[in-house]
Amino acid sequence: MSPFPNRKPRRDARKPQKTDWGGVAEWYDRLVGDEGSEYQREVVLPGVIRLLAPRAGEAMLDIACGQGVLCRMLHERGVKMTGVDAAPELIAAARHRSSPAIEYHVGDARKLDFLPAESFNAAACVLAIQNIHPIQGVFDGVARALKNDGRFVIAMMHPAFRGAKETAWGWDPKEMVQFRRVDRYLIPRKTPIVAHPGKSPDTYTWTFHKPIESFIKAARNAGLLIDALEEWPSHKTSTSGPRAAAENRAREEIPMFLALRAIKVPRRPSPAIPPRPQ
């Protein structure tokens, strides 16, 4: 049995699963623009850049770069940027919006062996890792491309609290508390997500839910050591209505995003971890 049972089989299972955003590239490019969407600008990109700690002259890699927002921001800081994305349409948009000094490649994030080994000081994957399966190839490819002590920053929707279609806000009128309901968490799954809200439900991509431990294991298996984990709340604020105070408290307490930073360390033998008892 597949570890990713379909919630709703919407397609011929024999067809390859397409999870990039090339089919809605024009809409996505308008949504993100030159500087990113609102959540990217206000929360995600500032946090990613802080964890990357970029220095002028360094070489960095943006995995699943889309139309190049992070590449452009780091290029302006004097970083030599390379972006990779599976969607040719988004890479075309990235090249159109960006300096020719930024190098872009159409490529699969799980197969990064076309990149030179041990050539990058840092890498990032921003709000894309949950559209990729399996993920071990991403971590292995990044580890190969990084120099020793290179850093890899991943930002994602928080797997524990923002699972697609399996988590939701709830309201307790007696206690005047807004809470986050979580129906599923540990078992991996895949869920179809409508890629463009204004188009047909058949225009969709897949999101692959995994618990946090899956990302830690993938990093460990690739020789990457997690040295930072941060949980970021929404920046939004409710200013009116009887639920405003509860909504703001819930936003402050229940994070929207999870960020991990991993460091490439020299390979050393490490003890095997026995499997969990069933």
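**Notebook: the chain and its sheet**

I started with burial: of the 278 residues of the protein chain, 47% count as buried, meaning under 20% relative accessible area with a 1.4 Å probe and protein chains only, while exposed means over 50% and partly exposed lies in between. A reminder to myself: this is a predicted model, where local features need pLDDT of at least 70, side-chain atom pairs count only at pLDDT 80 or more, and totals for chains, interfaces and linings use all residues. Residues are numbered from 1 along each chain as its sequence is written, and side-chain values use heavy atoms, with hydrogens and water left out.

Next I looked up the elements.

Then I checked contacts, which means heavy atoms within 4.5 Å. Among those between residues at least 6 apart in sequence, 69% join residues at least 24 apart.

**The sheet**

I traced an open sheet of seven strands with mixed pairing, in the order E3-E2-E1-E4-E5-E11-E10. Two strands pair if DSSP finds at least two bridges between them. E3 (103–106) and E10 (224–232) are the edge strands, each pairing on one side only. On average, neighbouring strands here are turned by 15° against each other, direction ignored; axes are lines fitted to C-alpha atoms, for helices over the stretch in contact, and angles run from 0 to 180 degrees between N-to-C directions.

I zoomed in on E4 (residues 120–126), which runs parallel to E1 (residues 59–63) and is joined to it by four bridges. Asp62 has Ala124 in E4 as its bridge partner. On to E5: six bridges join it to E4, again parallel, and Val126 stands opposite Ala155 in E5. How many residues of E4 are buried? I found seven of its seven.

**Helices on the sheet**

I saw H5 (residues 136–145) packing on the sheet, where it touches E1, E4, E5 (146–157), E10 and E11 (257–264). The direction of H5 makes about 145° with that of E5. H6 (residues 212–221) lies across E5, E10 and E11, running at about 155° to E10.

How values were computed. Helix = DSSP H or I, 4+ residues; strand = E, 2+ residues; numbered from the N terminus.
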